[in-house]
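Me: I would like to go through this structure and ask what stands behind each label that is given to it.

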Amino acid sequence: MKRIYIGNLSFSTTEEDLSKSFGEYGEVISAEIIKDKVTSTSKGFGFVQMPDDDAAFNAIRGLNGKDLAGRKVRVSIAEEKPVRKVNKKKF
């Protein structure tokens, strides 16, 4: 299963829009637009999960740099979030 990053999204893009666009290349398990916790507005990026690696790579090639809702999106394999170290101060 591949998790795909989509950046430079229009603030009007919906999760349904992402699912539809990526669905042209294969099955979409989930589509998520990351939103601000306070305002609930889009942060301009999101993620799509696809179970088939070939379909995911075809979607990346097919959609990277293409216009989606008036913006040229950046599409790539999502990188794992680095583990943040907690700085423990001694008093």
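This is a predicted model: local features need pLDDT of at least 70, side-chain atom pairs count only at pLDDT 80 or more; totals for chains, interfaces and linings use all residues.

Reply: Residues are numbered from 1 along each chain as its sequence is written, and side-chain values use heavy atoms, with hydrogens and water left out.

Me: Why is threonine 13 called buried?

Reply: Buried means under 20% relative accessible area, exposed over 50%, and partly exposed in between, with a 1.4 Å probe and protein chains only. Threonine 13 has a relative accessible area of 5%, and therefore counts as buried. Threonine 13 lies in the loop between strand 1 and helix 1, where helices (H or I, at least four residues) and strands (E, at least two) are DSSP runs numbered from the N terminus.

Me: What does threonine 13 touch, leaving aside its neighbours within four places in sequence?

Reply: With contact defined as heavy atoms within 4.5 Å, threonine 13 is in contact with Leu18, Ile33, Leu68 and Ala69, its neighbours within four places in sequence being left aside.

Me: How do you know whether serine 21 is buried or exposed?

Reply: Its relative accessibility is 14%, which is under the 20% limit, so serine 21 counts as buried. Serine 21 has its place in helix 1 and touches Leu63 and Leu68, not counting residues up to four places away in sequence.

Me: What makes a group of residues a nonpolar core, and which members touch the most others in the largest one?

Reply: A nonpolar core is a set of buried Ala, Val, Leu, Ile, Met, Phe, Trp, Tyr and Cys residues joined through side-chain atoms within 4.5 Å. The largest has 18 residues, of which Ile6, Leu18, Phe22, Val48, Met50 and Val75 touch the most other members. Helix 2 gives the most to this core, with five residues.

Me: Why are strand 2 and strand 6 said to stand at the edges?

Reply: The open sheet has four strands in the order 2-3-1-6, with antiparallel pairing, and two strands pair if DSSP finds at least two bridges between them. Strand 2 and strand 6 (74–77) each have a single partner strand, so one side of each is left without a neighbour in the sheet.

Me: How do you know that strand 1 and strand 3 are paired?

Reply: Six bridges join strand 1 to strand 3, and the definition asks for at least two, so the two strands count as a pair, running antiparallel. Tyrosine 5 stands opposite phenylalanine 47 in strand 3.
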